[in-house]
There are 2 protein chains.
Amino acid sequence: MKPFRKHLFVCTNRRPDDHPRGSCAAAGGDELKDRFKEVLKARGVKGDVRANAAGCLDQCSAGCVVVVYPDAVWYGGVTPADVEEIVDRHLLGNEPVQRLRIDRA
Amino acid sequence: MKPFRKHLFVCTNRRPDDHPRGSCAAAGGDELKDRFKEVLKARGVKGDVRANAAGCLDQCSAGCVVVVYPDAVWYGGVTPADVEEIVDRHLLGNEPVQRLRIDRA
């Protein structure tokens, strides 16, 4: 098999709604993952770029959290409105979306 | 936040037991993920090396499938008996376990 050129993971971990750390599912992780899959399908990059659900990425207070490999670029507070920008600029254009990064704080 | 030095994802996707492509859950993905977490905890590398569950990694016939980032090294047919070798040799020792790789076929 050929490794993906970009592989994005969306945290879809769910904690109880009143949990002090919050959780990505409560912040809309499942909808976000579906939106990434939808936009990638529309771009026709199957087998080259992939979006996956992931368990807890351990950055709960920054949810929804997304990580892009092999770049190891982390995004926080991601909403469906950010998906096209992340796909087109970063996954396809190879230029991370700086305003959403949490790996430099 | 500081990105993980190694970040391993275990596919835990479940298809119906009679599905022609098989699935990683049917091959023991959940138990495998738990074993990775257990061994990593014992090694005391929290915050540095992490194992996560993932949705379908699209290599179903090679299940259980594991991918290690940022290396982009893929393993197939992984069982709990392989976990200590992958952790100690690759995640901690930085040397991939060649006999389990599927990214070079």
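1. Buried area is the accessible area (1.4 Å probe) lost by two parts when they are put together, summed over both. In this predicted model, the area buried between chain A and chain B comes to about 2000 Å². Carbon and sulfur atoms give 57% of that area.

2. The contact between the chains involves 23 residues of chain A and 23 residues of chain B. Of the interface residues of chain A, 100% are also interface residues in chain B, so the copies meet through the same surface.

3. The relation between the copies can be stated in terms of superposition. Chain A is superposed on chain B by a rotation of 180° with 0.0 Å of shift along its axis, at an RMSD of 0.0 Å. The two copies are therefore related as by a two-fold rotation axis.

4. As to polar interactions, 12 residue pairs are in polar contact between chain A and chain B, with both residues at pLDDT 80 or more. The elements that give two or more residues to the side of chain A that touches chain B are strand 1 (6-11) and strand 2 (49-54) of chain A. Strand 2 of chain A gives the most, with four residues. By class, this side of chain A has 14 nonpolar, four polar and five charged residues.

5. Four salt bridges are counted between chain A and chain B. Among them is a salt bridge in which the side chains of A:Lys46 and B:Asp58 meet, at 3.9 Å from N to O. This distance falls within the 4 Å cut-off applied to a side-chain nitrogen of Lys or Arg and a carboxyl oxygen of Asp or Glu.

Key. Residues are numbered from 1 along each chain as its sequence is written. Chains are lettered from A and ligands numbered from 1 in the order in which they are written. This is a predicted model: local features need pLDDT of at least 70, side-chain atom pairs count only at pLDDT 80 or more; totals for chains, interfaces and linings use all residues. Side-chain values use heavy atoms; hydrogens and water are left out. Contact means heavy atoms within 4.5 Å. A polar contact is a pair of N or O atoms within 3.5 Å; within protein, one must be able to donate a hydrogen and the other to accept it, and residues adjacent in sequence count only if both atoms are side-chain atoms. Ala, Val, Leu, Ile, Met, Phe, Trp, Tyr, Cys and Pro count as nonpolar, Asp, Glu, Lys and Arg as charged, and the others, Gly among them, as polar. Copies are superposed by least squares on the C-alpha atoms of residues with pLDDT of at least 70 in both.
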